[in-house]
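Visitor: Hi, I'm new to this one. Could you show it to me and walk me through it?

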Amino acid sequence: MGISVASKTRQVDTSLRPERRTSGLMICLLALVFLSFMATQWKDRQRIDGIEVIGATGLSRLSVQRAVDSVRFRRARTITLANVRQAVERIPYVRNASVYFSGVNDLCVDVTERLPVAHVVRSGGVLRYIDDLGTVLPIVQERTAHNVPMLHGKGGIVLGENEIRDLAALLASACRVLDSRLYQSISELTYDRVAGSVDVVTDDAVWHLGRIKSNRAMEALADMNVFWKDASASLRLAGVHEVDLRWRNQIVLRYRNERAQTTSGGAAV
């Protein structure tokens with residue numbers, strides 16, 4: 001009988017141990033849930049004290065500040081971050097934005113701007129910026145300095161939206177194809193609506209690219225880049241007034257006060 005009692009006692013003790021461990025684990029989990037709930041409630045009651053704006057320049061800084069100032073000193077639980085982000089992204093100079101809480105009492109707005117790639121002449125001679133997609137942007141509220149080319153129509157015509165987009169696409173191609181020094185020398189793009197062609201005005205010469213909606217304009221930029229890299233080490237570009245790129249694999253140079261010279265296989269010298 002003594003052996004049987006001891007055996008039963010051991011069986012009872014063994015069966016109770018998992019239940020005690022399970023009970024302890026449940027208490028810890030409940031405590032963590034309770035603490036998390038209290039921490040969330042405490043954070044939701046906090047008021048936004050500081051707002052940090054990242055990535056905004058004079059193009060959008062004032063507009064972004066006005067868009068987010070309304071959430072200052074509001075409780076965190078009353079703020080919907082998606083609504084704040086949408087309000088910021090409605091600003092014309094903002095391409096996209098992300099909004100998130102930073103620390104306990106701060107809000108961070110990270111902005112990616114639409115950077116100007118050119119000026120365009122509008123009615124009345126007003127200059128407006130355009131972005132890389134050809135979107136005409138509003139007048140900047142702060143003074144900014146962007147050294148970008150000017151787009152205008154030959155004979156003073158006002159460019160249409162499609163023409164502006166085509167010229168912006170040409171500039172984007174030029175930025176990809178041309179050496180950075182050559183691209184930075186571009187000061188104007190002049191569009192001839194009758195001929196459908198575009199001239200590029202640089203610091204030293206005028207390039208005739210031909211029809212803007214043809215692949216020839218893109219090929220002409222590539223030809224110009226190859227020629228410039230070869231000729232920039234010599235004096236062949238000195239005194240050049242016009243560079244005609246309208247013919248495949250051939251560049252015609254017109255010098256100031258000199259007759260144009262051409263060759264069948266490459267650039268005139």
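Visitor: Which strands does helix H4 lie across?

Guide: Helix H4 (residues 161–177) lies across strand S4 (118–121), S5, strand S6 (150–153), S7, S8 and strand S9 (206–211). H4 runs at about 140° to S7. Axes here are lines fitted to C-alpha atoms, for helices over the stretch in contact, and angles run from 0 to 180 degrees between N-to-C directions. This is a predicted model, where local features need pLDDT of at least 70, side-chain atom pairs count only at pLDDT 80 or more, and totals for chains, interfaces and linings use all residues. Residues are numbered from 1 along each chain as its sequence is written, and side-chain values use heavy atoms, leaving out hydrogens and water.

Visitor: What do the labels H and S stand for?

Guide: They are helices (H or I, at least four residues) and strands (E, at least two), taken as DSSP runs and numbered from the N terminus.

Visitor: OK, what order do the eight strands of the open sheet have?

Guide: The order is S5-S4-S6-S7-S8-S9-S10-S11, with mixed pairing. Two strands pair if DSSP finds at least two bridges between them. Strand S5 (127–130) and strand S11 (250–255) are the edge strands, each pairing on one side only. From one strand to the next, the twist averages 25°.

Visitor: And how many bridges join S7 to S8?

Guide: Six, between S7 (residues 186–192) and S8 (residues 197–202), and these two run antiparallel. For instance, tyrosine 191 has valine 198 in S8 as its bridge partner.

Visitor: New topic: is aspartate 131 buried or exposed?

Guide: Aspartate 131 counts as buried because its relative accessibility is 0% (buried means under 20% relative accessible area, exposed over 50%, partly exposed in between, with a 1.4 Å probe and protein chains only). Aspartate 131 lies in the loop between S5 and S6.

Visitor: So what does its side chain reach?

Guide: The backbone nitrogen of leucine 133, at 3.0 Å. The aspartate 131 side chain also makes a polar contact with the side chain of arginine 114 (3.3 Å). A polar contact is a pair of N or O atoms within 3.5 Å; within protein, one must be able to donate a hydrogen and the other to accept it, and residues adjacent in sequence count only if both atoms are side-chain atoms.

Visitor: Last one: which residues touch the most other members of the largest nonpolar core?

Guide: Leu151, Leu189, Trp207, Leu209 and Val243, out of 37 residues. H6 gives the most to this core, with seven residues. A nonpolar core is a set of buried Ala, Val, Leu, Ile, Met, Phe, Trp, Tyr and Cys residues joined through side-chain atoms within 4.5 Å.

Conventions: Contact means heavy atoms within 4.5 Å.
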